[in-house]
Amino acid sequence: MAVWQKENSENTVIKVILFLVSPILAFLFSLRTLKTRSSFFIIFLFSVFFGLAFTVSSGKQSDDSIDGSSYREKFEHYKFVTDSKFYKGFVEYLTFEKGKQDYYFDTVAFYVSRFTSNYHIMFMVFAIVFVFFALKSLKFFVAEKNYSTSLTCFILLYLFMINQIFNINGVRFWTAAWVGVYSILQIFGNGKYKYFLLLLLTPFFHGAFWVFIGITVVAYFGKNLNKIWTVLFFVSFLVSNVSLDLVRDNINMFPTFIVKMAESYIDESYVQQRESGGTGLYWIAATFNFLVRVYMNFLVYLFIKNSKEIIDNAKTKYLFSFLLVLMVFVNFTMAIPSLGGRFMLLSYPIIAYIWLVNFKGRKYDRVLYAMPVIFSFSFYVQIMLYVKVLEPVFYFSNPLYLLYHYL
């Protein structure tokens, strides 16, 4: 992997000054020079302050409330959890007995609650772990020789970083996602199989990642079966909207602890609740979500069409195989709320990386330029969510005042 780009001291000083004025200004300026250590450090600090400033009510007050409100409420109750109860729950988790399917949130909430009742500290810790693995993964992307400050690369950058810092709101799954993506880049991109050990930690963050481990194992042993995965990819896309009954009928073939987790996702009342909507904004969201799904599958189709070129490149040969297996799973489970749709976002960094290495500046630019239009509703939703969890003071304050305000 390429080393960091050298940077003159003047550029570094500008970043420091901007950060002391406003973390968000320094963050935006750093996007111009992502190949430098200083930019990564600024992004890390910005994310830490974002976590500190993350502001939500305690408990979900309405259907419009976000997951972070539930995490705050649970954290505020953790001061009443004794050491013995916490460690008993941890043992139950490790032995797959009754209890929790993961233990990351509980671990952070427990230890933070030992010395403070300030939920902003908890979200700051979430942000530190989240951005650590996000930046570890991002280094793969920006260190590539094809990466440059260009419209194409910014579009690919958005796809790669689709799992943004706001997602500490749903910290368990999305932190596990970056740990998983980093592991996959190391295993299938760099051939460093010791990172299977890191991958095994993902269920600690979110229980659903036992499924992701299964996908990875299948992809590893089936990495030379691309023809089979290609056929299954097209079949899975065709049946992606009618596969829920198939999953229900075959759920018992999986291990017990996975069955318990999956049953909550395929419960009929839960599915109806997630799919209930109406008119107006709901149908706009559904339409754009469908377009995004078709678009991302089309990008994978372009990879299949140019598979010889991708496989001939050692950097992307096995990442392509993994992507096919992941997309087969995603499409077959797309009808399951909180499963296929969420795991699909783990394919975005892989797709962006393969595109950067093999296609950037050479072919299909017009296809990539369509992305901002297709993702336009996603942009709107993300902006609204950021506004929802950040007070105006975050946009105009220096880091010292933010520390004073939230600590």
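Guide: Start with Lys-60, which is partly exposed at 42% relative accessibility. Buried means under 20% relative accessible area, exposed means over 50%, and partly exposed lies in between (1.4 Å probe, protein chains only). This is a predicted model, where local features need pLDDT of at least 70 and side-chain atom pairs count only at pLDDT 80 or more, while totals for chains, interfaces and linings use all residues. Residues are numbered from 1 along each chain as its sequence is written, and side-chain values use heavy atoms, with hydrogens and water left out.

Visitor: Which residue does Lys-60 meet in a salt bridge?

Guide: A salt bridge is a side-chain nitrogen of Lys or Arg within 4 Å of a carboxyl oxygen of Asp or Glu. Here the partner of Lys-60 is Asp-67, at 3.1 Å from N to O. Asp-67 is partly exposed too, with a relative accessible area of 37%.

Visitor: How many salt bridges does the structure hold?

Guide: There are 9. One of them joins Glu-7 to Lys-15, with the closest N and O atoms 2.8 Å apart.

Visitor: Is Lys-15 buried or exposed?

Guide: Lys-15 counts as buried, because its relative accessibility is 1%. Glu-7 has 25% and counts as partly exposed.

Visitor: Which parts of the chain does the pair Glu-309 and Lys-363 tie together?

Guide: First the pair itself: the side chains of Glu-309 and Lys-363 form a salt bridge at 3.3 Å, N to O. Glu-309 lies in helix 18 (residues 307–312) and Lys-363 in the loop between helix 21 (347–358) and helix 22 (365–369), so the bridge ties together parts 54 residues apart in sequence. Helices are DSSP runs (H or I, at least four residues), numbered from the N terminus. Glu-309 and Lys-363 also belong to a network of salt bridges with Arg-362.

Visitor: How do helix 13 and helix 19 cross?

Guide: Axes are lines fitted to C-alpha atoms, for helices over the stretch in contact, and angles run from 0 to 180 degrees between N-to-C directions. The axes of helix 13 (residues 226–238) and helix 19 (residues 317–332) come within 8 Å and cross at roughly 25 degrees. That makes the two helices roughly parallel, a word for angles under 35 degrees.

Visitor: Which residues meet there?

Guide: Contact means heavy atoms within 4.5 Å. Among those in helix 13 are Trp-229 and Phe-233, and helix 19 brings residues including Phe-320 and Leu-324.

Note on methods: Parallel < 35°, antiparallel > 145°, perpendicular 65-115°, else oblique.
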